[in-house]
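Hi,

Here is the structure I promised to pass on. Have a look first, and my notes follow below.

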2 protein chains.
Amino acid sequence: MPKDVITTRAKDYNQWYLDIVREADLAEVAEVVRGCIVFKATGYAVWEMMQRELDDRIKETGHQNVYFPLLIPKSFIMKEAEHVEGFAPEVAEVTRAGGEELAEPYVIRPTSETIIGYFYSKWIRSYRDLPLLYNQWCNVMRWEMRTRPFLRTSEFLWSEGHTAHATEADAEAETLNILYNVYADFAEQVMAMPVIRGLKTENEKFPGALRSYCIEAMMQDGRALQAGTSHNLGQNFAKAFDITFTDQANTVQHVWTTSWGVSTRLIGALIMTHSDDEGLVLPPRLAPTQVVVVPIYKNDAEREKVLATVATITAGWKGTLRFKVDNRDNLSPGFKYNEWEMKGVPVRIEVGPKDVEKGSVAIARRDVPGREGKSFVPQEGLTARILALLEEIQQGLFARALRFREEHTADVTTYDELKVQIERGFARAYWAGSPDDEKRIQDETRATIRCIPLDQPGTAGTCVYTGKETTQQVIFARAY
Amino acid sequence: MPKDVITTRAKDYNQWYLDIVREADLAEVAEVVRGCIVFKATGYAVWEMMQRELDDRIKETGHQNVYFPLLIPKSFIMKEAEHVEGFAPEVAEVTRAGGEELAEPYVIRPTSETIIGYFYSKWIRSYRDLPLLYNQWCNVMRWEMRTRPFLRTSEFLWSEGHTAHATEADAEAETLNILYNVYADFAEQVMAMPVIRGLKTENEKFPGALRSYCIEAMMQDGRALQAGTSHNLGQNFAKAFDITFTDQANTVQHVWTTSWGVSTRLIGALIMTHSDDEGLVLPPRLAPTQVVVVPIYKNDAEREKVLATVATITAGWKGTLRFKVDNRDNLSPGFKYNEWEMKGVPVRIEVGPKDVEKGSVAIARRDVPGREGKSFVPQEGLTARILALLEEIQQGLFARALRFREEHTADVTTYDELKVQIERGFARAYWAGSPDDEKRIQDETRATIRCIPLDQPGTAGTCVYTGKETTQQVIFARAY
């Protein structure tokens, strides 16, 4: 596999991304199904790792998984005013089935608030039925015009949570619990991707939400990527679908609902946070293969000795490390190194005849390419050394991404400064503008307010656009 | 929860099934989406347990997971002659998307041989690319006329494997490997459901297959349920989608493909294999909750003491047992017992004030209802005792189901005997009839040849219908 199959980031960032998606066996554009991709083996394996970690957190916070139908009666989508406007233009419709035209078309779910709202209205009667804390893993479809593998595709895979509560405070607590303890924790601890926890502006919130919270990450080109959203839906869907309960004082009230989601776009975020010009870089906690062992030999005698040593080294690894021994014949070690580098395996172990004699191995870390990342270590104590190294890599990737974000974030006090800063990263600014002001800035600069960080300085300043005094800071950036 | 919410099997078997589906929180018919169900919390949790066990076996046998698009160009479905006939009448079609009529409609996948065949033809060039061993977990849709929760629904969830091989022998070995080492092993070891490994007749095989193998189980009403299928597709799809490779002699050949699948209908099979008139019965290896602990107390002082003991007992259980402590207030122990019995939890532990004093607990097994299944045991050594009991229950359920099948299977030598036997179970018969004979029997008796068991007696006998001498035995039964 020649190295130059990957365009460098410096030369063409977008092409670099597409090259990695293709060469690391992550996905392939399914040109026969508009806007869709095939999730290939490495890509899907990363998604499975993500699912496992997210699912653990979703269950730890008291939620259960369920599964609602793929198809939603078209009329359901029309019941919540903002929701219609947001989703109706991009749905795919089933109009014929079993050889007959349908009286009412179905839409393929673009998201499931409506169909779930319908069932919640049947299931919820009393305050004793609350809260309802459900999540589902599924595919959804939004007929997107411009698509890019993982980041924006017509069909994507996701987790969508839908909960119902007795009070606004309970719904708000749920929304923030998911944001902090599921999404931000997963992004930072598992993806090694630092995120800003924030509130969306009115312009950017989910169609039908009272308030949308998000986690925003910075990609290596300085652009923002919304990595997860958690919505307090207020009573909007409860009113549209008549979801009511009898409270302890025997009064009938509408419930308060939330919804939240993360999707396979996280794979795109992962690529653009850590990968380099050699290929994919995976944080150890998400790597389907954490360690690859490459035996080196020139003849059968060497092969036998080396493979025996490899067997000894790896004997205790099952259940401790996710590893592969690459003993394919007819492929050179160099070819194998390149392939596993391309696929982002965090640690490579090389074992040759000299290592057999000396009781050593070579160990190479993916996050530090070339000679600098390679060292020779004794076979004794190797497992513990690898485990420690994986942890070091995990922390190192996070630290590097955080440093990158900090270096590409700047406070701006004037609109001109803002225009300059969004070319290189995040512009942090005081903001007291209107939704129309925000739209004007977007039209002029292609940057949007990514979020109002929940962590605010608490000091006052001057709005970057209106000159008004305010204590509210926001993050401007161009976004995926 | 009054016991009489479940109709007895003796009174109305079909209603009994529907009552369990509803009362055990397994599923709800989604009357607003034709033929679809909502997978509720217990039902989906059982599916997750099944997925985990199946996925481990699928990966152990060398397969990787991938994900192909939900939508398939309608023309693809038309490319393989038998496949068209089998699936075209029952597809759901997307004809409009993003507000516009589509030039070519898409169908929602009823199964993915065609779209996967298209990509395999792009991916496979040389014998070095073979075998391709992929599986996907996804939803599929078939517009069914008569539906029943889990057993037959328009949308269902499944795993579908799709592999490509260089030779017919390789494809056949794959087909049988899945049948024996994934499906039959899972059914018997995990579901505790004995199955017959067999070959389908021409009439019953998958549309487009060369040979279809299956595992068939007997439900408690004596009817058969096809629990999984594994198809040797020969070169049929390879020819329809032009999937070729260059072999070692540099000749271009069509590949040999297989496909295999198991679906959420397994949940229906599970219910109808083990459950009783009290509700769901789950084998321990698939029970999302294996043990429920019910504390018993009458006042705060007792409550405190009992819960302290419960905490001590369960202290080491995390990671060893899947358990729940049901400390809900305002619900009587009896109510809780009924609820957990209904939901099929294999073992219940009761702890009251007297148990605290005596260092004992009461232990009740779900597979043996009433007093007979209840005993009083010391707290000391409880964890080991429960683990042993779970294993005993697992084996016991399998043995009971096997005994039931044996008692409801009989050899028949005449058509009249066959007609009688299919009223009570499986009729095993020598068979040398034609596909037309088989259809005639189906029209007259509603029984079909469920399979030609792979385990054959090796002796000759007289065909039950034609009177011809043959060594082939088959199983006749009515089927779900």
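Before the helices, a word on terms: axes are lines fitted to C-alpha atoms, for helices over the stretch in contact, and angles run from 0 to 180 degrees between N-to-C directions. Helices (H or I, at least four residues) and strands (E, at least two) are DSSP runs, numbered from the N terminus. This is a predicted model, where local features need pLDDT of at least 70, side-chain atom pairs count only at pLDDT 80 or more, and totals for chains, interfaces and linings use all residues. Residues are numbered from 1 along each chain as its sequence is written, and chains are lettered from A and ligands numbered from 1 in the order in which they are written.

In chain A, helix α2 (residues 41–60) packs with helix α8 (residues 265–274) at about 105°, their axes 10 Å apart. α2(A) and α8(A) are therefore roughly perpendicular to each other (65 to 115 degrees counts as that). On α2(A), A:Gly43, A:Val46, A:Trp47 and A:Met50 meet A:Leu266, A:Ile267 and A:Leu270 of α8(A); contact means C-beta atoms, placed from the backbone, within 7 Å.

Now the two chains: 39 residues of chain A are in contact with 38 of chain B. Strand β5 (residues 92–97) of chain A gives the largest share of chain A's side, six residues. Five bridges join β5(A) to strand β5 (residues 92–97) of chain B, and the two run antiparallel. There, A:Ala92 has B:Ala97 as its bridge partner.

Chain B also has an open sheet of eleven strands with mixed pairing (strands pair if DSSP finds at least two bridges between them). Its edge strands are β3 (64–65) and β20 (409–411) of chain B.

Cheers

Notes. Parallel < 35°, antiparallel > 145°, perpendicular 65-115°, else oblique.
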